[in-house]
Amino acid sequence: MAKLTYKDAGVDKEKGYEEVELIKKIVKKTHGNEVLADIGGFAGAFAPDLAGIKNPVLISGTDGVGTKIKLAMDMDKHDTVGIDCVAMCVNDIICQGAKPLFFLDYIATGKLNPKKMADLVSGIADGCLEAEAALIGGETAEMPGIYQEDDYDLAGFAVGIADKEKIITGENLKEGDIAIGLTSSGVHSNGFSLVRAAMEQAGISLDDRFDEDQTIGEKLLTPTKIYVKDIEKLKEKVKINAISHITGGGLYENIPRVLADDLSVDFDLSKLNKDPIIEKIQEWGNIDIDEMYHTFNMGIGMVVFVDPADEEKSLEILGENAQIIGKVVKGKKDISINL
């Protein structure tokens with residue numbers, strides 16, 4: 001009878017050790033003095049600076065990148081979806097007024113490729129730097145029999161902190177408040193099953209040119225925008241009454257999550273400049289505009305609600321990537337969109 005090893009079963013521990021060595025320097029660049037444990041231990045340790053926070057509350061979120069992962073695998077380009085993973089998590093927790101503290105990742109794959117995994121972690125580290133969060137740990141699981149050899153999936157977990165008295169819940173939202181839209185960087189990380197179906201219907205290839213600088217695939221891989229710095233700057237000067245991260249389901253599903261039962265929002269998007277890739281997707285799939293708005297962010301990655309008196313100051317702080325797109329009105333926890 002043959003003597004089996006773990007490697008014979010499809011799991012190469014030596015590749016795992018190689019990966020850890022490759023990512024140590026990548027991870028280290030996200031660390032500040034708050035990180036107390038080095039990569040490679042059993043757990044990450046983080047000592048937050050609580051200066052100015054009277055009643056600290058930890059706020060957490062977890063998410064993945066969805067089927068955008070398949071796009072990265074098809075293009076054999078793995079250094080951007082890590083940014084998406086961080087963005088999907090931190091953009092959620094800042095909606096409650098949290099400042100991100102740290103992030104952990106989980107990668108599952110059919111066969112461990114240390115270089116590919118290092119590219120993934122490099123993207124995660126880039127996202128953490130943009131979010132001003134430390135990457136304090138993670139897990140890479142080699143799972144033959146569950147995943148095909150070259151396949152992988154990616155998920156993350158973010159923890160932030162807020163003062164209990166300053167948590168943003170939406171309870172202060174009122175009739176007359178204005179909605180400020182922060183532009184997206186493209187499709188972000190939702191709706192890619194529909195994107196692929198539209199491309200297939202139109203016979204579009206990832207290698208086709210989007211413009212003189214990018215292929216279609218490169219354009220679609222544009223990472224999800226991280227809004228941490230924008231929201232932090234705004235919080236310092238303006239009272240924010242509600243924030244909504246526009247992910248799967250678009251405005252229709254995400255805006256009602258911050259509304260009281262007797263409030264609605266009227267959106268005027270007639271002057272919104274949609275990213276051309278979104279218009280291309282609609283064209284490829286002959287997709288109804290209502291379906292588009294129920295699936296994609298349509299050019300708005302985040303919506304911030306403030307008092308009308310703070311409109312000018314808010315726009316000045318947020319800059320050219322922000323515009324007034326709507327107003328809170330009496331209603332039944334729904335939205336209307338004028339195109």
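Does E132 count as buried, partly exposed or exposed, and at what relative accessibility? In this predicted model, E132 has a relative accessibility of 43% and therefore counts as partly exposed, since that class lies between the limits of 20% for buried and 50% for exposed residues. The residue is placed in the loop that links helix 4 (114-131) to strand 3 (134-142), and although E132 is not a glycine, its phi is positive, at about 55°. Most residues other than glycine have a negative phi.

A positive phi is also found at N286, likewise a residue other than glycine, where the value is near 50°. N286 belongs to the loop between helix 9 (276-285) and helix 10 (289-293), and with a relative accessibility of 68% this residue counts as exposed, because the limit for that class is over 50%.

Helix 2, which spans residues 68-75, contains the buried residues K68, I69, L71 and A72. These residues cover an arc of only 160° around the axis, and they therefore lie on the same side of helix 2. In general, an α-helix has 3.6 residues a turn, so residues three or four places apart point the same way. Directly after helix 2 comes D76, whose phi is positive at about 50°.

How values were computed: Residues numbered from 1 in each chain as written. Predicted model: local features only at pLDDT ≥ 70, side-chain atom pairs only at ≥ 80, totals over all residues. Heavy atoms only, no water. Buried < 20%, exposed > 50% of the residue type's maximum accessible area, 1.4 Å probe, protein only. Helix = DSSP H or I, 4+ residues; strand = E, 2+ residues; numbered from the N terminus. Arc of directions from axis to C-beta.
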